[in-house]
Amino acid sequence: MARINDNYTKLPGSYLFSDIAKRVTAFTAANPDRSIIRLGIGDVTRPLAPTVIEALHTAVDEQAVAATFRGYGPELGYDFLRQKIVDVHYGRLGVKIATDEIFVSDGAKSDTGNIGDIFAADSVVAVCDPVYPVYVDTNAMSGRAGNYQSSGHWDRVHYLNCSQENGFVPEIPGPGDPVPELIYLCFPNNPTGATISAIDLKEWVDYARRHGSVIFYDAAYEAFITEDLPHSIFEIEGARECAIEFCSFSKTAGFTGIRLGFTVIPKELKINGVVLNSLWNRRQSTKFNGASYLTQRAGEAIYSEQGQREIRETIAYYQNNATIIREGLLAMGWSVFGGKNAPYIWLKTPQNLSSWDFFDLLLNKAGVVGTPGSGFGPAGEGYFRLTAFGSTDNTNMAIERIRTLF
Ligand code: MLT
């Protein structure tokens, strides 16, 4: 008889954002006349940049003619896009990356979820708490996380506490602590909106190099940085020997529906002489047939001068929403974090409400959807996340409704 991967049966409930979507659908079915403002999942609402639309039209027309038609593309990405990533994305940071260190994909979620494939099944993993659930759930699926505990933690995962006290930036494990082999870091952070300084990031890089650990650095929100902070871990000396970086077009250019991202694995990154770039290349060319030609042409378009101008305007629009939320809640005397260099605003729930109680209250009484902090891990209990990706009208209205409610 066939047997299932038992690790799936250990996963608690459904994926966080599916769970929220189900609750909201049930609420709207029961209350069809209520207007709902969705500031839950970080999904963008502004249309694609005109330059991107034009590139998509051109690429579609090419597919209509035998002479320019493209079938399977290179699994790891077309050179026209990889070269632009090297020249523009990393060039502006003064970071040197080779085109064959870039793996174009359908997004950072898939890559952060799949990267574990090339590491030992019993590797010791460290994640922040609170954490983007994909990092934990995918390790649970592969059996690396062990068993789920009533505390909300997995028994084989090493959790790095992120709290108000440490500014939501994890501390380096101390001398007696277990040494994680794989360390997930995300800055600007999802869900807390916290950022990491170059000095603190350098400490993590030094730690990883000392112990032979690998850092998985999720830079999906780097475009929202407004202050003098690292956009890429490869701005930090030594990172090429210990880090893999994940980048996304979703929040940078509104590609949540189109799907496009890339992962960078420097060739210096080796374990016992094995080059991880080659392993990931083998994995991707076997399991992935590449992001679509249309999507990659759309991605290339954001790197033109006009494309850069257009995506910056949209990012500024969301940054303004973040300010509206942040300042609106601060004016109510609430404890509010993030939202300065990040599209996420992390708030302490008022009146000591639990994260889910606050979620229900906001949905039922204000028609505003957010994400309960406890969905990101036990350390998120008593916190709540709002995103800046709505329309400005809805963002203003949401804050007004919250103000009226409290
Ligand atoms: C989020 O809301 O945390 C993100 O949008 C989810 C994602 O990027 O997959």
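At what angle do helix 2 and helix 9 pack, and how far apart are their axes? In this predicted model, where local features need pLDDT of at least 70, side-chain atom pairs count only at pLDDT 80 or more, and totals for chains, interfaces and linings use all residues, helix 2 (residues 50-63) and helix 9 (residues 293-301) pack at about 145°, with their axes 8 Å apart. Residues are numbered from 1 along each chain as its sequence is written, and side-chain values use heavy atoms, with hydrogens and water left out.

Helices here are DSSP runs (H or I, at least four residues) numbered from the N terminus, while axes are lines fitted to C-alpha atoms over the stretch in contact, with angles running from 0 to 180 degrees between N-to-C directions. The crossing of helix 2 and helix 9 is right-handed, a word used if the near helix is turned clockwise from the far one by less than a right angle. The contact (heavy atoms within 4.5 Å) involves residues of helix 2, including Thr51, Ala55 and Glu62, and residues of helix 9, including Tyr293 and Arg297. By class, this contact has nine nonpolar, two polar and two charged residues, where Ala, Val, Leu, Ile, Met, Phe, Trp, Tyr, Cys and Pro count as nonpolar, Asp, Glu, Lys and Arg as charged, and the others, Gly among them, as polar.

The spaces in the model are found on a 1 Å grid over the protein atoms alone: a cavity is a set of points where a 1.4 Å probe fits but cannot get out, a pocket is an open set with protein on both sides within 12 Å along at least five of seven lines, and lining residues have an atom within 4 Å of a point. Grid points are joined across faces, edges and corners, and a volume is the space filled by probe spheres set on the points.

| Space | Volume |
|---|---|
| Largest cavity | about 50 Å³ |
| Second largest cavity | about 40 Å³ |
| Largest pocket | about 620 Å³ |
| Second largest pocket | about 430 Å³ |

The largest pocket is lined by 28 residues, of which Pro12, Ser14, Pro133, Asp137 and Gly375 lie nearest its centre, and helix 5 gives the largest share of this lining, six residues. The lining of the second largest pocket takes its largest share, three residues, from helix 4.

The lining of the largest cavity includes Arg46, Thr252 and Ile311, and the lining of the second largest cavity has seven nonpolar, two polar and no charged residues.

Conventions. Helix = DSSP H or I, 4+ residues; strand = E, 2+ residues; numbered from the N terminus.
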